[in-house]
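Me: I would like to go through the labels put on this model and ask what each one rests on.

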Amino acid sequence: MRKSQRQRNRERARRAQRGTCIYCCRPMGKDVTAEHLVARMDGGKDSRGNIVATCSRCNAGRHALFPAGAPEPEIYQAFVLLMRSAGLWPPR
């Protein structure tokens with residue numbers, strides 16, 4: 001079975017990030033998802049430059065915690081790191 005372009009890009013991102021989540025900076029292990037920096041619904045593509053590797057909690061949180069619209073990746077990363085330093089990440 002051939003891997004999809006998204007799977008290959010996710011694996012490249014994981015290797016480039018040395019196995020750490022782009023948002024919480026923790027090791028992901030096998031808990032790896034592909035995060036589109038620009039969402040597909042906003043015109044983002046399944047391209048190498050638009051996909052980063054995240055843990056599933058961070059990926060889900062970017063959209064679930066902000067139902068009015070996911071924040072920009074840099075803002076969300078700052079939010080996650082601030083919450084993590086306060087002992088409030090991941091959310092329960």
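This is a predicted model: local features need pLDDT of at least 70, side-chain atom pairs count only at pLDDT 80 or more; totals for chains, interfaces and linings use all residues.

Reply: Residues are numbered from 1 along each chain as its sequence is written, and side-chain values use heavy atoms, with hydrogens and water left out.

Me: Why is the pair E35 and R62 called a salt bridge?

Reply: A salt bridge needs a side-chain nitrogen of Lys or Arg within 4 Å of a carboxyl oxygen of Asp or Glu. For E35 and R62 the closest N and O atoms are 2.7 Å apart, so the pair meets the definition. The structure holds 1 salt bridge.

Me: Why is N9 called buried?

Reply: Buried means under 20% relative accessible area, exposed over 50%, and partly exposed in between (1.4 Å probe, protein chains only). N9 has 2%, so the residue counts as buried. N9 lies in helix 1 (residues 5-16).

Me: How do you know that F79 and W89 are edge-to-face?

Reply: Rings of Phe, Tyr and Trp (its six-membered ring) pair if their centres lie within 6.5 Å; planes under 30 degrees apart are stacked, over 60 edge-to-face and the rest tilted. The F79 and W89 rings have centres 6.2 Å apart and planes at 80°, so the pair is edge-to-face. F79, at 26% relative accessibility, is partly exposed, whereas W89, at 5%, is buried. Ring pairs link Y23, F66, Y76, F79 and W89 into a cluster.

Me: What makes 7 residues of the largest pocket's lining nonpolar?

Reply: Ala, Val, Leu, Ile, Met, Phe, Trp, Tyr, Cys and Pro count as nonpolar, Asp, Glu, Lys and Arg as charged, and the others, Gly among them, as polar. The lining residues include L37, V38, A39, M41, A70, P71 and P73, and these fall in the nonpolar class. The rest of the lining divides into 1 polar and 3 charged. A pocket is an open set of points on a 1 Å grid over the protein atoms alone, with protein on both sides within 12 Å along at least five of seven lines, and lining residues have an atom within 4 Å of a point.

Notes. Helices (H or I, at least four residues) and strands (E, at least two) are DSSP runs, numbered from the N terminus. On a 1 Å grid over the protein atoms alone, a cavity is a set of points where a 1.4 Å probe fits but cannot get out, and a pocket is an open set with protein on both sides within 12 Å along at least five of seven lines; lining residues have an atom within 4 Å of a point.
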